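Hello,

Here is the structure I promised to pass on. Please have a look at it first, and then read my notes below.

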Amino acid sequence: MLLGVFGLVGANYFYYLAIEKSTVATAIIVQYTAPVWVLLYMVARGAQRATAQRVMAVALAVVGAALAIGLFSSAQIRASAFGIIASLGAAFSFSFQTIYGHDILLNNPRWKVMLYSLLGATLFWWVLNPPNRIVAAHYSGQQWIFLLVFAITSMLLPITFYYSGLQYLDATRAIVTSCLEPIFAILCAALALHEGLRWIQVVGVAIVLAATVLVQLPEKRSAAADA
């Protein structure tokens, strides 16, 4: 339930707050510094070593995501202090969700973890936004259908797949791979909405793909490390 409150709720709330107070590009760029925080924490805890491969993969993922969303071209960057703080809140919440989620999933079934994390998130929002407020909004049937589809496609399915990935990948590998999210968004927008891709965005996409492959490669262990 703590995973649901400080992970799911925190990541989504701070992300939307960052968009409101700044721009989508600003929120994404700061949120996707999460691989850096995860690696720093894992190294500080002694759970992983800061190998050249891991450091390079994290750096490539962050830089590639920034280029892909058009940091140096079309992206609208509006760096307000409140927006940056909210974006960092999203990054830290996402990092917590990855690290703590991976630890819990080592000893618990995925569906059990999902049930309690979603329950924690639901109870938290019921306190801040009671059901009577939702009923008082008098949403139409079409709006309820949209909310249901949106909840399933943007929350339930991604969480299911991400928790599945955390069962097989360590926290650093999982969060670096998650940097593919803006990449898929850009490619889907180009295919479905016919949005143009600048050359620098293509470079960013390639860099994130390279980071994803690099972080999955087996690392060479020294004799001292094996000992």
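A word on terms before the details: contact, or touching, means heavy atoms within 4.5 Å. This is a predicted model, in which local features need pLDDT of at least 70 and side-chain atom pairs count only at pLDDT 80 or more, while totals for chains, interfaces and linings use all residues. Residues are numbered from 1 along each chain as its sequence is written, and side-chain values use heavy atoms, with hydrogens and water left out.

Let me start with the cores. A nonpolar core here is a set of buried Ala, Val, Leu, Ile, Met, Phe, Trp, Tyr and Cys residues joined through side-chain atoms within 4.5 Å. Buried means under 20% relative accessible area, exposed over 50%, and partly exposed in between, using a 1.4 Å probe and protein chains only. The largest nonpolar core has 22 residues, of which Tyr15, Ala61, Ala68, Val176, Cys179, Ile183 and Val208 touch the most other members. At least two residues of this core come from each of α1 (2-21), α2 (24-31), α4, α5, α10 (180-192) and α11 (199-216). Helices are DSSP runs (H or I, at least four residues), as are strands (E, at least two), numbered from the N terminus. Leaving aside residues up to four places away in sequence, Ala68 touches Ile183, Ile186, Gln201, Gly204 and Val205. There is also a second, separate core of 17 residues, with Leu3, Ala34, Ile99 and Ala171 among them.

Next, a helix pair. Helix α3 (residues 34-45) packs with helix α4 (residues 52-68) at an angle of about 160 degrees, their axes 8 Å apart. The axes are lines fitted to C-alpha atoms, for helices over the stretch in contact, and angles run from 0 to 180 degrees between N-to-C directions. Pro35, Val36 and Leu39 of α3 meet Arg54, Val55, Val58 and Val62 of α4.

Two single residues are worth a look as well. Ala86, in helix α5 (residues 81-105), is buried because its relative accessibility is 2%. Ala86 touches Phe14, Leu17 and Ala18, not counting residues up to four places away in sequence. Ala86 and Ser22 lie 64 residues apart in sequence, with 9.4 Å between their C-alpha atoms. Thr160, in helix α8 (residues 141-166), is buried too, at a relative accessible area of 13%.

Best wishes
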